[in-house]
Amino acid sequence: MARSIKKGPYVADHLIKKVERMDQTGQKRPIKTWARSSMILPEFVGHTFSIHTGKTFQSVFVTENMVGHRLGEFAPTRTFRRHGSATDKTVSLK
């Protein structure tokens, strides 16, 4: 369910502070975060975030097309191995 318009987008307070601090100092290092549910704001464009996947951190560079999405959408938590062995069988005709 979508968040109410009157409430505005959810962004973790500490994340906004980190981005503002990076803009003031001019540093360009990844911002480490566990806040996967935070919305990407236009101020985040051009920054790199290290988003926690439950086991490791995945680096994500934010572009203009990502504004309005959540940070967690760009760092998948599950890895696809492959489907069962039934799809691996090859049919040999004799």
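## Thr33, a buried strand residue

Thr33 is buried, with a relative accessible area of 1%. Buried means under 20% relative accessible area, exposed means over 50%, and partly exposed lies in between, using a 1.4 Å probe and protein chains only. Thr33 lies in strand S1. Helices (H or I, at least four residues) and strands (E, at least two) are DSSP runs, numbered from the N terminus. Leaving aside its neighbours within four places in sequence, Thr33 is in contact (heavy atoms within 4.5 Å) with His14, Leu15, Phe49, Ser50, Ile51, His52, Phe57 and Leu71.

This is a predicted model, where local features need pLDDT of at least 70 and side-chain atom pairs count only at pLDDT 80 or more, while totals for chains, interfaces and linings use all residues. Residues are numbered from 1 along each chain as its sequence is written, and side-chain values use heavy atoms, with hydrogens and water left out.

## The sheet

Strands of a sheet pair through backbone hydrogen bonds, either parallel or antiparallel. Here, three strands form an open sheet in the order S1-S2-S3, and the pairing is mixed. S1 and strand S3 (57-61) are the edge strands; each has a single partner strand, so one side of each has no neighbour in the sheet. On average, neighbouring strands are turned by 25° against each other, direction ignored.

S1 and S2 pair in the parallel sense over three bridges. Two strands count as paired if DSSP finds at least two bridges between them. Ile31 has Phe49 in S2 as its bridge partner. H1 packs on the sheet and touches S1 and S2; its direction makes about 175° with that of S1. Axes are lines fitted to C-alpha atoms, for helices over the stretch in contact, and angles run from 0 to 180 degrees between N-to-C directions.

## The nonpolar core

The largest nonpolar core has 18 residues, and Leu15, Phe44 and Phe49 touch the most other members. Such a core is a set of buried Ala, Val, Leu, Ile, Met, Phe, Trp, Tyr and Cys residues joined through side-chain atoms within 4.5 Å. Helix H1 (13-25) and strand S2 (48-52) are the elements that give two or more residues to this core. H1 supplies the largest share, three residues.

Phe44 is in contact with Val11, Leu15, Val19, Met39, Phe49 and Val62, leaving aside its neighbours within four places in sequence.

## Aromatic pairs

Rings of Phe, Tyr and Trp (its six-membered ring) pair if their centres lie within 6.5 Å; planes under 30 degrees apart count as stacked, over 60 as edge-to-face and the rest as tilted. By this rule there are two aromatic pairs. The ring centres of Trp34 and Phe57 are 5.1 Å apart and their planes stand at 85°, so this pair is edge-to-face. Trp34 lies in the loop between S1 and S2, and Phe57 in strand S3, so the pair ties together parts that are 23 residues apart in sequence. Trp34 is exposed, at 56% relative accessible area. Phe57 is partly exposed, at 31%.

Phe44 and Phe49 form a tilted pair, 5.2 Å centre to centre with 50° between the planes. Both of these residues are buried.

## Two lysines

The charged end of Lys32 sits over the ring of Phe57, 4.5 Å from its centre. The rule asks for NZ of Lys or CZ of Arg within 6 Å of the ring centre and within 35 degrees of the ring normal.

Lys28 has its place in the loop between H1 and strand S1 (31-33). Lys28 is exposed, with a relative accessible area of 66%. Lys28 touches Met22 and Gly46, not counting residues up to four places away in sequence.
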